[in-house]
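The following exercises concern a predicted model. Each task is followed by a worked solution.

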Amino acid sequence: TPQRTPDPQTGAAVKAADRAHVFHSWSAQGLIDPLAVAGAEGSYFWDYEGNRFLDFTSGLVFTNIGYQHPKVVAAIQEQAATMTTFAPAFAVEARSEAARLIAERTPGDLDKIFFTNGGAEAVENAIRMARLHTGRHKVMSAYRSYHGGTNTAINLTGDPRRWASDSGSAGVTRFWAPFLYRSPFHATTEAEECARALKHLEETITFEGPATIAAIILESVPGTAGIMTPPAGYLPGVRALCDRYGIVLVLDEVMAGFGRTGKWFACEHFDVVPDLLTFAKGVNSGYVPLGGVAISRKIAETFEHRPFPGGLTYSGHPLACAAAVATINVMEEEGVVEQAAHLGATVLEPGLRELAERHPSVGEVRGLGAFWALELVRSKETREPLVPYNASGADNAPMAAFGAACKKRGLWPFINMNRTHVVPPCNITEAEAKEGLAVLDEALTVADEYTV
Ligand code: PLP
């Protein structure tokens, strides 16, 4: 691929314009220092100074096939040359084909696809469908979750990003999902955690009034909140509760879907089929904004003779859909889903567990496929997080020092609170993954200095 030659002067101009005019997400504008990025390919990106970074973040966990895959780039170029855009009310080849390929891969009877421009809009529309389908209003979501930055999606979110923009209710009730390492239920085994979490959920449903609850939304494997693979029986148990009380089950696979966990969709690990499944990110490796809701037959029928009151100008944009078609085809041809499973089992899991044994700062390693988290702690015994919950400034110094140590050695880490997530492209090579693990090893010695 043609790439820009690193040139510090251009980099400085890009940075200056950014600082003058770009208003960045989730940030205090005066406290950030964004890297000016000159180019990217595969699992790497580089700046204008010639510094190259191995990307252990996949952007925001979306470049599941890495940057600039030539087949996807070519498909976008070809689509641009033939039909750059077209309004959503028409049948368009790239859109029909993307919907078909997605529906063929989503489990069960999730056969209709409503396209959006990203994950939050997918969540908004899934909740709207659930409310109209059931005629009920309330939605239940989990603490330690992220569902997006728009109004309903942020209200559903169970992490501090909600706090400042919480509308107070929006019909949302939250509950605790299982997380054995920091068990909300004081459980000591996965089986106990699972049973207690299901009991807590059923009690919450009972006291909220089952006939008022439209939907329960859960990430199949919660992502940003810490990659907490639920115990085997949890999602089947939630499915059974939804069936018992006529509640729509929405599984949010915006981050965990499209190969990330070593299956096309994370819910397949648990043999659970939701009524609605939200996706985005990996659907086209994030090359052009795209998300959507995969809809079960039962819910699709609600809108057979009654209009669905929702839509977006760019729903199923041809460029985004062409990128999805090419991405899914690449994933099939190159076995990317299997690669993620293999990478997890043979390189990431053993490599990360070995780091945990040697470093006093690593309290827990958890994950699957190309989806891993290291929980950094001040003490393995007390499990006290390396930094306090939602820490910033000086309180966050240990994680900032760890992050700087990674970057200095050419690794771009994903850091959230006291955790680093290891979420490289699903098709990262074994050698690249090992290179990243070696950097983590060195950077963890910096985190170790803050342990007690
Ligand atoms: N749902 C989950 C599980 C996510 O991880 C995210 C984003 O990280 C979203 C929804 C929101 O997606 P978007 O940022 O594309 O709106």
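**Exercise 1.** Determine which helix gives the most to the shell around the ligand, and describe the residues of that shell.

*Solution.* Begin with the secondary structure: helix H5 (residues 119-134) gives the most to the shell, with three residues. Next, consider the shell as a whole, in which 16 residues surround the ligand. The closest are Gly118, Gly119, Ala120, Gly148 and Val254. Finally, sort the shell by class: seven residues are nonpolar, seven are polar and two are charged.

**Exercise 2.** Identify the domains of the protein and characterise the side of domain 1 that touches domain 2.

*Solution.* First, take the division of the protein into domain 1 (8-68 + 335-448) and domain 2 (70-334). Their centres, taken over C-alpha atoms, are separated by 25 Å. Second, examine the contacts, where 31 residues of domain 1 meet 28 residues of domain 2. On the domain 1 side, helix H11 supplies the largest share, five residues. By class, this side has 14 nonpolar, 12 polar and five charged residues.

**Exercise 3.** Which residues of the largest nonpolar core touch the most other members, and from where is this core drawn?

*Solution.* Among the 128 residues of the core, Ala215 and Leu276 touch the most other members. As to origin, helix H10 (residues 318-334) provides the largest share, 10 residues. Domain 1 and domain 2 each contribute at least three residues to this core. To complete the picture for Ala215, set aside its neighbours within four places in sequence; Ala215 is then in contact with Ile127, Ala130, Val139, Ile247, Val248 and Val250.

Key. Residues are numbered from 1 along each chain as its sequence is written. This is a predicted model: local features need pLDDT of at least 70, side-chain atom pairs count only at pLDDT 80 or more; totals for chains, interfaces and linings use all residues. A nonpolar core is a set of buried Ala, Val, Leu, Ile, Met, Phe, Trp, Tyr and Cys residues joined through C-beta atoms within 7 Å. A residue is buried if 20 or more other C-beta atoms lie within 10 Å of its own, exposed if 12 or fewer, and partly exposed in between; C-beta atoms are placed from the backbone. Helices (H or I, at least four residues) and strands (E, at least two) are DSSP runs, numbered from the N terminus. Domain bounds come from an automatic or database domain assignment. Two residues are in contact if their C-beta atoms, placed from the backbone, lie within 7 Å. A residue is near a molecule or strand if its C-beta atom, placed from the backbone, lies within 6 Å of it. Ala, Val, Leu, Ile, Met, Phe, Trp, Tyr, Cys and Pro count as nonpolar, Asp, Glu, Lys and Arg as charged, and the others, Gly among them, as polar.
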